[in-house]
Amino acid sequence: PDVYKQLDIRTLFFIFYHRPNTLHQWLAAQELVRQGWRYHRTKCIWFIRRNSPEEHCAEYEVGDYNYFDYAEEWKQKQLSSFRINYSDLESDKIHTRAMSSPSTSTR
């Protein structure tokens, strides 16, 4: 629904990480993808490019990214010259069962 387009980014991350395997998680994930975020399946973290990649090929790219730190500080952080393998990213068509939201007992 359009209401997800109006939610703050931190609210979308809260819904994603605290409502696993629900329609709400799927809707939050769809909105994050719409805004340019990509989900890293291995690290269970959302990334977004800060600028164009420094290097890229068919298998990976290297560049500067923001990521959402759900485990430590519950905020966006930066990575510079970080390599992302495309095979580790969830496709743009997200399915909640493909995502493994880690439990966050302190949140």
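Ser87 is exposed, with a relative accessible area of 55%, where exposed means over 50% relative accessible area, buried under 20% and partly exposed in between, for a 1.4 Å probe and protein chains only. This is a predicted model, in which local features need pLDDT of at least 70 and side-chain atom pairs count only at pLDDT 80 or more, while totals for chains, interfaces and linings use all residues. Residues are numbered from 1 along each chain as its sequence is written, and side-chain values use heavy atoms, with hydrogens and water left out.

**Surroundings of Ser87**

- Ser87 lies in the segment that follows strand E5 (75-85); strands (E, at least two residues) and helices (H or I, at least four) are DSSP runs, numbered from the N terminus.
- Leaving aside residues up to four places away in sequence, Ser87 touches Arg41 and Glu59, a contact being heavy atoms within 4.5 Å.
- Between Ser87 and Arg41 there are 9.0 Å in space, C-alpha to C-alpha, although the two are 46 residues apart in sequence.

**Strand E4 and its partners**

- Strand E4 (residues 60-69) has 10 of its 10 residues buried, so it is largely enclosed by the rest of the structure.
- E2 and E4 run antiparallel and are joined by three bridges, two strands being paired if DSSP finds at least two bridges between them; across from Tyr65 in E4 stands Arg49.
- Strand E3 (residues 55-56) is also antiparallel to E4, with two bridges joining them, and His56 has Glu61 in E4 as its bridge partner.
- Three residues lie between E3 and E4, which form a hairpin.
- The pairing of E4 with E5 is antiparallel and extends over nine bridges, with Lys75 in E5 as the bridge partner of Asp69.
- Five residues separate the strands in the hairpin of E4 and E5, where Trp74 takes a positive phi near 55°.

**Aromatic rings**

- A search of the whole structure finds 14 aromatic pairs, counted when rings of Phe, Tyr and Trp (its six-membered ring) have centres within 6.5 Å, with planes under 30 degrees apart called stacked, over 60 edge-to-face and the rest tilted.
- One of these pairs is that of Phe16 and Trp46, an edge-to-face arrangement with 5.3 Å centre to centre and 85° between the planes.
- This pair links distant parts of the chain, as Phe16 belongs to helix H1 (residues 9-18) and Trp46 to strand E2 (residues 45-49), 30 residues apart.
- Phe16 is buried at a relative accessible area of 0%, and Trp46 is likewise buried, with a value of 0%.
- Tyr39 and Trp46 have ring centres 5.1 Å apart and planes at 55°, so this pair is tilted; both Tyr39 and Trp46 are buried.
- Ring pairs join a cluster whose members include Phe13, Phe14, Tyr17, Trp37, Phe68, Tyr70 and Trp74, along with Phe16, Tyr39 and Trp46.
- Over the ring of Tyr60 sits the charged end of Arg83, 3.7 Å from the ring centre; the criterion is that NZ of Lys or CZ of Arg lies within 6 Å of the ring centre and within 35 degrees of the ring normal.

**Cysteines**

- The count of disulfides comes to zero, a disulfide being a pair of cysteine sulfur atoms within 2.5 Å.
- Cys44 counts as buried at 10% relative accessibility, whereas Cys57, at 28%, counts as partly exposed.
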